[in-house]
Amino acid sequence: TIVPVKLAQHEGENLVSRSQAKRLVRRFERFHTIVLDFDGVAEIGQAFADELFRVFTVAHPKVAMIPMNTSREVQTMIDRVFAHL
């Protein structure tokens with residue numbers, strides 16, 4: 001399942017909060033693999049990245065989340081999360 005992350009942005013808001021990430025991952029547990037397409041997303045906040053790539057994956061270890069089309073800033077934030085696992 002491919003999920004365009006930019007659809008989580010309302011009126012150009014930045015994706016920075018855990019609540020935004022929780023809205024995005026709603027019902028993700030129904031799938032085995034989620035491809036998160038970050039095309040059009042310039043940056044994300046640390047809390048948003050942590051909720052997606054640590055909190056959700058710890059709670060749902062059988063769901064693989066694969067980021068794609070990440071900007072340098074988005075990839076840096078994702079890498080920070082994985083560095084703390």
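Predicted model: local features only at pLDDT ≥ 70, side-chain atom pairs only at ≥ 80, totals over all residues.
Local features were taken at pLDDT of at least 70 and side-chain atom pairs only at pLDDT 80 or more, whereas totals for chains, interfaces and linings use all residues. Residues are numbered from 1 along each chain as its sequence is written, and side-chain values use heavy atoms, with hydrogens and water left out.

Three strands form an open sheet in the order E1-E2-E3 with parallel pairing, where pairing requires at least two DSSP bridges between two strands, and where strands (E, at least two residues) and helices (H or I, at least four) are DSSP runs numbered from the N terminus. Strands E1 (2–4) and E3 (64–68) are the edge strands, each pairing on one side only, and the twist averages 25° from one strand to the next. Strand E2 (residues 33–37) is joined to E3 by five parallel bridges, and Ile34 has Met65 of E3 as its bridge partner.

Helix H2 (residues 46–59) packs on the sheet and touches E2 and E3, its direction making about 170° with that of E3; such angles run from 0 to 180 degrees between N-to-C directions of axes fitted to C-alpha atoms, for helices over the stretch in contact. Within H2 lies Glu51, which counts as buried because its relative accessibility is 9% (buried, under 20% relative accessible area; exposed, over 50%; partly exposed, in between; 1.4 Å probe, protein chains only). Beyond its neighbours within four places in sequence, Glu51 is in contact (heavy atoms within 4.5 Å) with Arg18, Ala21, Lys22 and Phe56.

In H3, the residues Val74, Met77, Ile78 and Val81 are buried, and they pack against H2 and E3.
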